[in-house]
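Colleague: Morning. Can you walk me through this one? I'm new to it.

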Amino acid sequence: MEAFTVMTAVAAPMLRDNIDTDIIIPSREMKTVSKTGLSAGLFAGWRYTAIGGREPNIEFVLNQPAYAGTRILLGGSNFGCGSSREHAVWALHEYGIRAVLAPSFSPIFQGNCIRNGIVPVTLGAVDIAALAAYVTEAPQEHRVTVDLRNCEVTAGAQLRYSFALEGEAREMLLEGLDAIDLTFKHRAAIQQFIDQDRRVRPWIYQGA
Amino acid sequence: MSARTLFNKLWDAHVVRDLGGGVALIAIDRIFLHERTGSVALKSLRDSGRTLLDPSRVFCTMDHIVDTLPGRGDSTLMPGGTQFILETREAAREAGIRLFDVRDPLQGIVHVISPELGIVLPGATVVCPDSHTCTQGALGAFAWGIGSTEAEHALATGTLRMSRPRTLRVNFEGVLPPGVTAKDMALALISEHGSVGGNGYAVEFAGSAVRALEIEARLTLCNMATEFSAVTGFIAPDEKTFEYLKGRDCAPVGAMWDQALQQWRTLCSDEGAQFDREITLNVGELAPMVTWGTSPQQAMPVTGRVPDAGAAGSSAEAHARALGYMGLEAGQALAELPIGAAFLGSCTNSRISDLRRAAAILRGRRVANGVRAICVPGSMSVKRQAEAEGLDVVFRDAGFEWREAGCSMCFFAGGESFGHRQRVISSTNRNFESRQGPETRTHIASPEVVAASAVTGRITDPRSLVPIHDLAGSNLAGGPR
Ligand code: SF4
């Protein structure tokens, strides 16, 4: 996984609440048993003029030239709710999104972000609105900086917010670590747990 | 030892190692996969050259993409769906895990068959790359939905790295009125406390009204914990739980059953245990609930009217957009809205007790002209049980389609849908925009409301249709074995 430290980039506001994973990538766009090739389906319902079509809807924020090269999304509360599909995060990542700022995230979506190199930043709705207002004035010039080392979001001279991300998630993103490799370091402890637990709760291990 | 919550007991029993900073390595007892998201995990694991830690504790079903039309096979209405089925079959075979394949007599929706077969057990950790895994917490398990990468992690290591959620106890007190169900409890909770009300919490459902629920109704209640944004929902196991599990395919037997039972009886929140938060709802005055908008929190009693803009839990703009999408105006009475379709199914309400209660309303009645009505049993076992009781005849005679088990039109995968702007009364759990098809307008409700509305062709309070004493409430016991 690619590491994330500091990034300054164009940010696009999508402030509505409850942007669910089916909006991020509709079911009909998940055509293969694969993690790639999904970015064309990102926000398909909003991004294109017709269902299943590919003609851009010019009203949609990411289609506007002013937002070319967007790598940060400013979202509403409960971002990523609904289906657990990780395809939503894979599609965002493939499109180039590296951070999502929102007042709250669905827990599954948040976990999926962390495992795929996207930083989920929780900020107050008021702060996000302030960032959105600033960005909207001149999206290409008014870029937003997400600094994971210092857990800070800054934009322009005025806007500066700190955020929290629990230790391990932050470390994994900063280092670009693969969680499975990390966990394999505890192989002996896992085996020890199972050997002991097998005696306490044998019904869990009866070959079900 | 000081008083502990049930969640703390579940958590502590599975900590393999404390990783610091509130994160622990948690042992995973059961992993369930389905062809839509599980196939990616299996394939990716194989491609990375890793193997499963313990295939005997991993299960897989075909529920999401598989057709539910009678006589179905591997071909699907969803474009490209067959590929998911074939690849899942191949990957499951290679991995050596138990697969409930398209023609398996035990096939069904993951959250229906896992309890039905006793795969989920009290005190167990259960994960599945599916957000409604919380359903299975109804048996006293710690069960939650994960992404595919986490599923891969669980398959390879038998563990997950997880930060400990906070604890919330939701107490439902009082006696449910006739015709009001666990579905209505879930919708009442979410409409009152918002669709992010449970964010960050492991939610224990407790109180006299929860104790009174039969297991299938408890599954319905826990199912919607994810619509509350909770990490999971669960209920302390009790004698009903043990009774339900006894004799099921994968449940322990003999001396091991006795040993398990002894341990399961300790799975409760101790008297005086401290929760990070507690809320209480009285169910005595609840009415059947229906959603009017595009978020599960936009729900109200079926007797109500579409609220004015600015109602609790949503901004004026979000409110207006929901009204626009649903084709509604503030002040309109919910009970009277004409519907084009009725859907009975999904991991929320497709078990035998759900079908029995709907059939009780449909018996001797017919679906209104112009309404497309569909019943999709949650598992093939539910289907067989229903047929043994003659419920299929009731549904068919009423004008319902009678399907094979699966998720079906609970969500739109690119194949079947109800159509643009079609108004659907649905026993499912999500009313998001386009959830059941492009621009389809979904109203979520209990099986009772779905059946009653199918009959009248309008959203209908089931209590207006059936003499109240005929309504069983949600306390019908049972379930196929
Ligand atoms: S029935 Fe619906 S909610 Fe349940 S697992 Fe299937 S698609 Fe998901």
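**A first walk through the model**

Modeller: Start with B:Pro122. Apart from neighbours within four places in sequence, B:Pro122 is in contact with B:Leu139, B:Gly140, B:Ala141, B:Pro237, B:Thr241, B:Phe242, B:Leu245, B:Trp264 and B:Leu267. Contact means heavy atoms within 4.5 Å.

Colleague: What sort of model is this, and how is the numbering done?

Modeller: It is a predicted model, where local features need pLDDT of at least 70, side-chain atom pairs count only at pLDDT 80 or more, and totals for chains, interfaces and linings use all residues. Residues are numbered from 1 along each chain as its sequence is written, chains are lettered from A and ligands numbered from 1 in the order in which they are written, and side-chain values use heavy atoms, with hydrogens and water left out.

Colleague: Back to B:Pro122. Buried or exposed?

Modeller: B:Pro122 is buried, at 1% relative accessible area. Buried means under 20% relative accessible area, exposed over 50%, and partly exposed in between, using a 1.4 Å probe and protein chains only.

Colleague: Where does B:Pro122 sit in chain B?

Modeller: In the loop between α4 (110–116) and β6 (125–128). Helices (H or I, at least four residues) and strands (E, at least two) are DSSP runs, numbered from the N terminus. B:Ile235 is 113 residues away from B:Pro122 in sequence, but the C-alpha to C-alpha distance is 9.5 Å.

Colleague: Now the ligand. Which residues are around it?

Modeller: B:His64, B:Ile109, B:His111, B:Asp130, B:His132, B:Ser346, B:Cys347, B:Cys407, B:Cys410, B:Phe411, B:Asn429 and B:Arg435. Each has a heavy atom within 4 Å of the ligand.

Colleague: How many of the shell residues are nonpolar, polar and charged?

Modeller: The shell has 5 nonpolar, 5 polar and 2 charged residues. Ala, Val, Leu, Ile, Met, Phe, Trp, Tyr, Cys and Pro count as nonpolar, Asp, Glu, Lys and Arg as charged, and the others, Gly among them, as polar.

Colleague: And where does the ligand lie in terms of domains?

Modeller: Between domain 1 (6–164) and domain 2 (289–471) of chain B, because both give residues to the shell. Domain bounds come from an automatic or database domain assignment.

Colleague: What does A:Ser84 reach in chain B?

Modeller: Its side chain reaches the backbone oxygen of B:Pro129 at 3.3 Å. The backbone nitrogen of B:Asp130 is also 3.3 Å from a polar atom of that side chain. B:Asp130 is one of the residues around the ligand.

Colleague: Is A:Ser84 buried or exposed?

Modeller: A:Ser84 is buried, at 4% relative accessibility. It is placed in the loop between β2 (70–75) and α3 (87–95) of chain A.

Colleague: How many helices and strands does chain A have?

Modeller: Chain A has 8 helices and 7 strands. Of its 208 residues, 60% count as buried. Its domain 1 (6–177) and domain 2 (178–208) have C-alpha centres 36 Å apart.

Colleague: Last topic. How many residues of α6(B) are buried?

Modeller: 9 of the 12, so α6(B) is largely enclosed by the rest of the structure. Among them are B:Met185, B:Leu187 and B:Ile190. B:Gly194 follows α6(B), with a positive phi near 90 degrees.

Technical notes:
A polar contact is a pair of N or O atoms within 3.5 Å; within protein, one must be able to donate a hydrogen and the other to accept it, and residues adjacent in sequence count only if both atoms are side-chain atoms.
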